[in-house]
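The structure is shown first, and the text follows it.

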Amino acid sequence: MSAVEHDADVIVVGAGPGGSATAYHLAQHGVRVLLLEKTEFPREKVCGDGLTPRAVRQLLRMGVDTSPEAGWLHNRGLRVIGGGIRLELDWPDLASFPNYGLVRTRMDFDQLLAERAIAAGATLRTGTNVIGPVLDADDRVIGVQAEVGPEKAPATFHAPLVVAADGVSGRFPLALGLAKREDRPIGVAVRRYYRSPAKHDDDYLESWLELRSKESGENLLPGYGWIFGLGDGRVNVGLGVLNSSSAFGKTNYRRLLTDWLANTPDDWGMTDEANADGPILGAALPMGFNRVPHYSRGVLLVGDSGGMVNPFNGEGIAYAMESGELAAEVVVQALARPAGVERERALQAYPAELKARFGGYYRLGGVFVKLIGRPEIMRLATKHGMPHPTLMRFVLKLLANLTDPRGGDAMDRVINAMTKVAPAV
């Protein structure tokens, strides 16, 4: 068999935050990258649109201008509402992370990141729907099969390595037999945009630990909610339900959202259907490494494709971008070695480092998910935890995964110790 002519050194499937971050960091190292995206930009994605300092750090590492003048709404921290208490917690002041978060809609966020990858030297092909792998005689992936354009013209692209960053659907890893693990947490989130002059320029992300409807009175609705101002006259409002909740899979989530919003103040604009800007849309949140292995047969999984959403807070963008940067670092080292045993040894560093970095933390997150799925425990935690600001600052650091790995304060040392002793998932 004659050698296949490669279209790139690496093919990245999916130009979401994880795929574009991977492509950017690879291209920065001079690697020939082909970034394939099934849709056209700009395009909508179901998301809370809020970015913690962990995600902001990844944007800065990609050279993104995060100034207000560039269209970003900055926030100071998290406002937590629950147990009759409203608590504003500023993002921690750390050496490892910036002290601000951001909000920006996915409508142009993903396009902005893809453009950073292109500027670094990656080649982007939109309207290219990857439908499966190309395998060699040893069952190793050496490229992808795709359908291009509205006419779905068949196309084949070859590369010695492929990065699957195709999101929660994970169609590419599924085609390789990598199914989701049922023993890991998963969530469902729904969100909608509303015009809200009263809330749109909030400098805190707002998290609701308790949801109530007008009819329910003292009975809590399942899940947790958020209200994130977009700075353009609108807010992103949504709620999430975890699979540890008895309501998971048995609830009309769209109805749940409108029931909760019917109980918010009228001047917020969320009780009036006329203020809605678009439909209620939903998406799954694959958490805690719910698809493994993260490297197999020439394919690395990045972001949601590898189930990397944080179980503590439902954040996915930071981990998609961070895993993309890590994948790029490992691939650069691997491509410098001859194909075969030496290259494979280098590629195994990717799942090993992911496990070292997030494995123990995600294990703790799995325990957390099971606990808050029980309403009586959530009620106790809210009632007795919320009145203690110091405890809540600790909780914020834990939930947002924001600590200094070396040095730091006593809270950092406790959280870092907890994640080290927890068995990695």
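Is Phe289 buried or exposed? The model is a predicted one, and in it Phe289 has a relative accessible area of 2%. Buried means under 20%, so Phe289 is buried.

**Backbone exceptions**

Phe289 is found in the loop between S17 and S18. Although Phe289 is not a glycine, its phi is positive, at about 60 degrees. Lys152, also not a glycine, has a positive phi of about 55 degrees. Lys152 lies in the loop between S10 and S11. With a relative accessibility of 56%, Lys152 counts as exposed. Most residues other than glycine have a negative phi, and most peptide bonds are trans.

Two cis peptide bonds are described next. One joins Phe41 and Pro42, with omega about -5 degrees; Pro42 sits in the loop between strand S2 (33-36) and strand S3 (50-51). Another joins Val292 and Pro293, with omega about 0 degrees. Pro293 belongs to the loop between strand S17 (281-286) and S18, and Phe289 is likewise found between S17 and S18.

| Site | Backbone angle | Loop |
|---|---|---|
| Phe41 and Pro42 | omega about -5 degrees | Pro42: between S2 and S3 |
| Val292 and Pro293 | omega about 0 degrees | Pro293: between S17 and S18 |
| Lys152 | phi about 55 degrees | between S10 and S11 |
| Phe289 | phi about 60 degrees | between S17 and S18 |

**Sheets**

Three strands form an open sheet in the order S9-S10-S11, and their pairing is antiparallel. Strand S9 (128-135) and strand S11 (153-158) each have a single partner strand and stand at the edges, so one side of each has no neighbour in the sheet. On average, neighbouring strands of this sheet are turned by 25 degrees against each other, direction ignored. Six bridges link strand S10 (residues 141-148) to S11 in the antiparallel sense. Val144 has Phe157 in S11 as its bridge partner.

Another open sheet has six strands in the order S8-S2-S1-S12-S19-S18, with mixed pairing. Its edges are strand S8 (123-125) and strand S18 (295-296), each of which pairs on one side only. Within this sheet, strand S1 (residues 10-13) and strand S12 (residues 161-164) run parallel and are joined by four bridges. Ile11 has Val162 in S12 as its bridge partner.

**A buried threonine**

Thr66 is placed in the loop between H2 and strand S4 (73-75). Its relative accessibility is 6%, so Thr66 counts as buried. Leaving out residues up to four places away in sequence, Thr66 touches Leu59, Leu60, Trp72, His74, Tyr100 and Leu102.

**The second largest pocket**

The volume of the second largest pocket is about 530 Å³. It is lined by 21 residues, and those closest to its centre are Arg54, Arg357, Thr403, Pro405 and Asn416. Helix H2 (53-61), helix H8 (349-372) and helix H11 (410-421) are the elements that give two or more residues to the lining. H8 provides the largest share, seven residues. By residue class, the lining divides into seven nonpolar, seven polar and seven charged residues.

Terms used. Residues are numbered from 1 along each chain as its sequence is written. This is a predicted model: local features need pLDDT of at least 70, side-chain atom pairs count only at pLDDT 80 or more; totals for chains, interfaces and linings use all residues. Side-chain values use heavy atoms; hydrogens and water are left out. On a 1 Å grid over the protein atoms alone, a cavity is a set of points where a 1.4 Å probe fits but cannot get out, and a pocket is an open set with protein on both sides within 12 Å along at least five of seven lines; lining residues have an atom within 4 Å of a point. Grid points are joined across faces, edges and corners, and a volume is the space filled by probe spheres set on the points. Ala, Val, Leu, Ile, Met, Phe, Trp, Tyr, Cys and Pro count as nonpolar, Asp, Glu, Lys and Arg as charged, and the others, Gly among them, as polar. Two strands pair if DSSP finds at least two bridges between them. Axes are lines fitted to C-alpha atoms, for helices over the stretch in contact, and angles run from 0 to 180 degrees between N-to-C directions. Buried means under 20% relative accessible area, exposed over 50%, partly exposed in between (1.4 Å probe, protein chains only). Contact means heavy atoms within 4.5 Å.
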